[in-house]
Amino acid sequence: MPPDESDARLRERLVAGDGDALAEAYDRWSGLIHTLALRITDDAAAAEDITQDVFVGLWQRPEAFDPERGALRTWLCMLARSRALDWTRRREARARYHAAAGASAAASPAYGDIDDAVIWHTETKVVREAVQALPDLQRQAVHLAYYRGHTYRQVALELNIPEGTAKSRLRLALANIADRLAAEGILER
C-alpha cells in the first residue's frame with residue numbers, strides 16, 4: 001500500500017518544527033485517541049494524560065513515524081493503545097500491592113506459608129530500600145505516582161515541573177530501582 005501523501009507531508013512539517021502541523025494532527029485525531037484511551041483505561045484523567053503524551057511524543061519525535069509502514073492515524077492509535085495498556089497494568093499492580101499489603105498486615109505467618117511470607121517481606125524491604133536510595137527528585141516523583149496513585153500530570157502539578165520532566169524522573173527512578181533489584185537477584189534484567 002503506498003504511503004498517504006498527506007501523512008508524509010504532515011510528517012515533514014513536524015520534522016521541520018511546524019507547530020501548525022501539530023495543531024492539525026491534534027485537531028484531526030485527538031478525539032479518536034482520547035476515546036481509545038478512555039475505552040481501555042475507563043479513567044477520564046488517564047485518557048487525557050495519554051492523549052497529551054501521544055501528541056507530545058509526536059512533537060518530540062516525529063521522525064519515529066514512518067509513512068511507508070502505515071497511516072499516521074493508525075500509528076497514533078497504536079501509541080495510545082500501548083500507553084493505555086501500560087497505565088492499566090500499573091493500576092492493576094498498585095491494586096495488587098495494596099491488596100497484598102492489607103492481607104499481609106491482617107494475616108499471621110502462622111496461618112500462611114512462612115516461606116512465601118519471608119520472601120515477600122524480604123522483597124518488600126529491598127524495594128523500600130531501593131526507593132529510599134533514589135535521588136530526592138526521583139523519590140518524590142515515585143512517591144506521588146506509586147504510593148499516592150497520581151497520574152503524570154498530577155505529579156507534574158504537585159512538583160511544579162513540566163509533565164515531560166515528571167515522566168523522565170519516573171523513568172529514571174524505575175530504571176534505578178530495577179538495577180538495584182537485579183543486583184539483589186530479585187529481578188532478572
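Of the contacts in the protein with a separation of 6 or more, 58% join residues 24 or more positions apart, where contact means heavy atoms within 4.5 Å. This is a predicted model, in which local features need pLDDT of at least 70 and side-chain atom pairs count only at pLDDT 80 or more, whereas totals for chains, interfaces and linings use all residues. Residues are numbered from 1 along each chain as its sequence is written, and side-chain values use heavy atoms, with hydrogens and water left out.

**Figure 1. Overall composition of the protein.** Buried residues account for 31% of the 189 residues, buried being under 20% relative accessible area, exposed over 50% and partly exposed in between (1.4 Å probe, protein chains only). The protein exposes about 11,600 Å², of which carbon and sulfur atoms supply 53%; accessible areas come from the Shrake-Rupley method with a 1.4 Å probe, and for residues only the protein chains shown count as cover.

**Figure 2. The crossing of helices α7 and α8.** The axes of α7 (residues 152–159) and α8 (residues 163–183) come within 8 Å and cross at roughly 105 degrees. Axes are lines fitted to C-alpha atoms, for helices over the stretch in contact, and angles run from 0 to 180 degrees between N-to-C directions. The two helices α7 and α8 are therefore roughly perpendicular to each other, a class that spans 65 to 115 degrees, with under 35 degrees counted as roughly parallel, over 145 as roughly antiparallel and the rest as oblique. On the α7 side, Tyr 152, Arg 153, Val 155, Ala 156 and Leu 159 meet Glu 163, Ala 166, Lys 167, Arg 169 and Leu 170 of α8.

Figure 3. His 150 is buried, at a relative accessible area of 19%. Beyond its neighbours within four places in sequence, His 150 is in contact with Leu 144, Ala 145, Val 155 and Glu 158.

**Figure 4. Thr 88 in helix α4.** Helix α4 (residues 72–106) contains Thr 88, which is buried with a relative accessible area of 11%. Residues up to four places away in sequence aside, Thr 88 touches Ile 40 and Thr 41.

**Figure 5. Val 127 in helix α5.** Val 127 belongs to α5 (residues 114–132) and is partly exposed, with a relative accessible area of 31%.

How values were computed:
Helix = DSSP H or I, 4+ residues; strand = E, 2+ residues; numbered from the N terminus.
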